[in-house]
Amino acid sequence: MSSTNKTVVVGVTGGIAAYKSAELVSRLYKAGISVQVIMTENATRFITPLTLRTLSGNPVLTDAFQEDNRWRVQHIGIAEEADLLVIAPATANIIAKIAHGLADDLLSTVVLATRAPLLLVPAMNTNMFTNPVVQENLATLRKRGFHVLEPDEGELACGVSGKGRMPEVDVIFRRVWELLAPRTDFAGKTLLITSGPTQEDIDPVRYITNRSTGRMGLALAHQAMARGGKVILVTGPTNLPLPEGASIVRVRSAREMFERAKEYYPHCDIVIGAAAVADYRPRTYSEQKVKKSDDDLVIELTRNPDILGELGRDKRNRILVGFAAETGDLIANGEAKMKKKNLDLLVANDVTLDGAGFGVDTNIVTIISRKGEITSLPKMSKDDLARIILDKIAELF
Ligand code: C5P
């Protein structure tokens with residue numbers, strides 16, 4: 001076992017998933033990380049401190065007033081020693097307490113006292129998780145720079161199915177590892193990312209659009225910045241929070257997206273076309289609202305520019321990455337698209353599969369490289385997929 005000289009404080013709160021924290025603690029300890037477990041009183045009803053003490057090799061702390069001569073002032077000492085705090089599982093209660101600055105037990109006090117990054121791993125019943133107050137608290141914490149790992153969907157301990165399951169320990173461990181040793185492989189690189197849908201106006205009140213939410217483009221932007229990259233995000237309309245620190249260029253139509261992308265193109269090293277660009281727009285825009293009549297209405301459509309395709313004509317030494325939503329013949333169609341648009345990588349997904357494509361948190365894709373390397377990936381979160389796409393891009397530097 002090699003020592004990393006890193007200290008991770010693992011906070012365990014009182015949810016049924018607390019038993020999984022034993023495996024997390026064991027993984028961290030085996031990776032050479034010094035682990036200090038803090039349990040809330042409720043957590044001790046789900047799993048015994050003795051288990052976590054044995055796996056972490058350190059006394060488990062539960063009480064803010066416990067005698068412990070390792071530190072002069074216990075909560076401050078722990079807070080200063082920590083390189084990272086991870087709370088897994090994080091109940092709705094601890095999330096609310098942190099969001100509002102309460103400090104009525106050891107864990108919440110250490111959270112207030114530390115300057116170390118904090119990773120929250122919410123796990124709870126799906127109705128609790130989707131409750132607006134919990135979501136608002138999480139949004140507040142994200143805004144303040146806390147890291148939040150999205151729960152998985154699936155069968156919950158309470159018998160219902162939905163979002164709220166604690167992610168696999170492996171996923172938590174990888175995130176902890178990334179936060180402890182941030183990667184900087186995109187330092188010095190500028191990425192132009194197109195994201196979201198476009199809206200193609202028919203008249204002042206109507207437009208044509210698609211089901212894209214922008215989730216994939218945003219995941220790529222977040223991760224590229226976390227790895228040291230500079231991001232220019234040209235985004236169609238989206239309701240999702242946009243990454244702080246990125247240069248944000250808001251657009252509506254494909255033509256606007258094309259114009260703005262061209263403007264920034266000379267300044268970038270990498271282009272990722274994650275936008276679901278409308279291929280067609282109404283041939284004419286009606287200045288007046290189109291009146292209804294008893295007849296059918298025919299709207300004539302004309303082609304929009306192929307943004308990536310056009311940029312690919314003057315590629316030089318940039319890396320170009322595209323997406324392809326297909327309903328069959330993934331690889332043949334993908335390879336043809338890659339050639340046509342002069343891409344280095346193509347991320348193709350079969351949008352007919354459950355858990356792939358627009359409006360869902362997950363995707364199932366095959367990544368095709370210019371050299372003909374084909375990587376078929378299982379269903380995974382768009383965050384995990386963004387990480388893999390960036391790994392593939394980094395291989396091309
Ligand atoms: O040709 P297709 O629409 O399947 O290609 C998808 C890829 O091309 C995506 O990366 C998308 O962002 C990009 N695209 C574009 N401009 C268009 C259509 C697609 O940049 N008009």
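D344 and K315 form a salt bridge, with their closest N and O atoms 2.9 Å apart, where the term stands for a side-chain nitrogen of Lys or Arg within 4 Å of a carboxyl oxygen of Asp or Glu. D344 sits in the loop between α12 (330–341) and β17 (345–350), while K315 sits in the loop between α11 (307–312) and β16 (319–326), so the pair ties together parts that are 29 residues apart in sequence. Both D344 and K315 are buried; buried means under 20% relative accessible area, exposed means over 50%, and partly exposed lies in between, with a 1.4 Å probe and protein chains only. Helices (H or I, at least four residues) and strands (E, at least two) are DSSP runs, numbered from the N terminus.

The model is predicted: local features need pLDDT of at least 70 and side-chain atom pairs count only at pLDDT 80 or more, whereas totals for chains, interfaces and linings use all residues. Residues are numbered from 1 along each chain as its sequence is written, and side-chain values use heavy atoms, with hydrogens and water left out.

## Other salt bridges

Across the whole structure, a search finds 25 salt bridges. One of them joins the side chains of E326 and K337 at 3.0 Å, N to O, and this pair links distant parts of the chain, since E326 belongs to strand β16 and K337 to helix α12, eleven residues apart. E326 counts as buried because its relative accessibility is 8%, whereas K337 has a relative accessible area of 27% and is therefore partly exposed. Elsewhere, salt bridges that share partners join R183, D185, R227 and D391 into one network.

E259 counts as partly exposed at 43% relative accessibility, and K262 counts as partly exposed at 38%.

## The ligand and its surroundings

The residues that surround the ligand are G273, A275, V277, D279, P305, D306, I307, L308, G322, F323, K337 and K341, each having a heavy atom within 4 Å of the ligand. K337, which also takes part in the salt bridge with E326, has an N or O atom of its side chain 2.4 Å from an oxygen atom of the ligand. An N or O atom in the side chain of K341 is 2.9 Å from a ligand oxygen, and a polar backbone atom of F323 is 2.8 Å from an oxygen atom of the ligand. The protein covers 87% of the 450 Å² of accessible area that the ligand has on its own, with areas taken from the Shrake-Rupley method with a 1.4 Å probe; for residues, only the protein chains shown count as cover.

## K20 and helix α1

K20 is found in helix α1 (residues 20–30), and K20 is buried yet has no salt bridge, the nearest side chain of opposite charge being E168, 4.9 Å away. For charge, Lys and Arg count as positive and Asp and Glu as negative, while His and the chain ends are not counted. A polar atom of the K20 side chain does, however, lie 3.1 Å from the backbone oxygen of M166. Neighbours within four places in sequence aside, K20 is in contact (heavy atoms within 4.5 Å) with R165, M166 and V169.

The buried residues of α1 are K20, S21, A22, L24, V25, S26 and L28, and what covers them includes β1 (7–12), β2 (34–39), α2 (49–56), β3 (84–90), β7 (161–165) and α8 (169–180). After α1 comes G32, whose phi is positive, near 85°.

## Backbone details

Most residues other than glycine have a negative phi, and most peptide bonds are trans. The peptide bond from A88 to P89, by contrast, is cis, with omega near -5°, and P89 has its place in strand β3.

R316, although not a glycine, has a positive phi of about 50°; R316 lies in the loop between α11 and β16 and counts as exposed at 67% relative accessibility. D329 is likewise not a glycine and has a positive phi of about 50°, and D329 lies in the loop between β16 and α12, where its 60% relative accessibility counts as exposed.

How values were computed: Polar contact = N/O pair within 3.5 Å; in protein donor to acceptor, adjacent residues only side chain to side chain.
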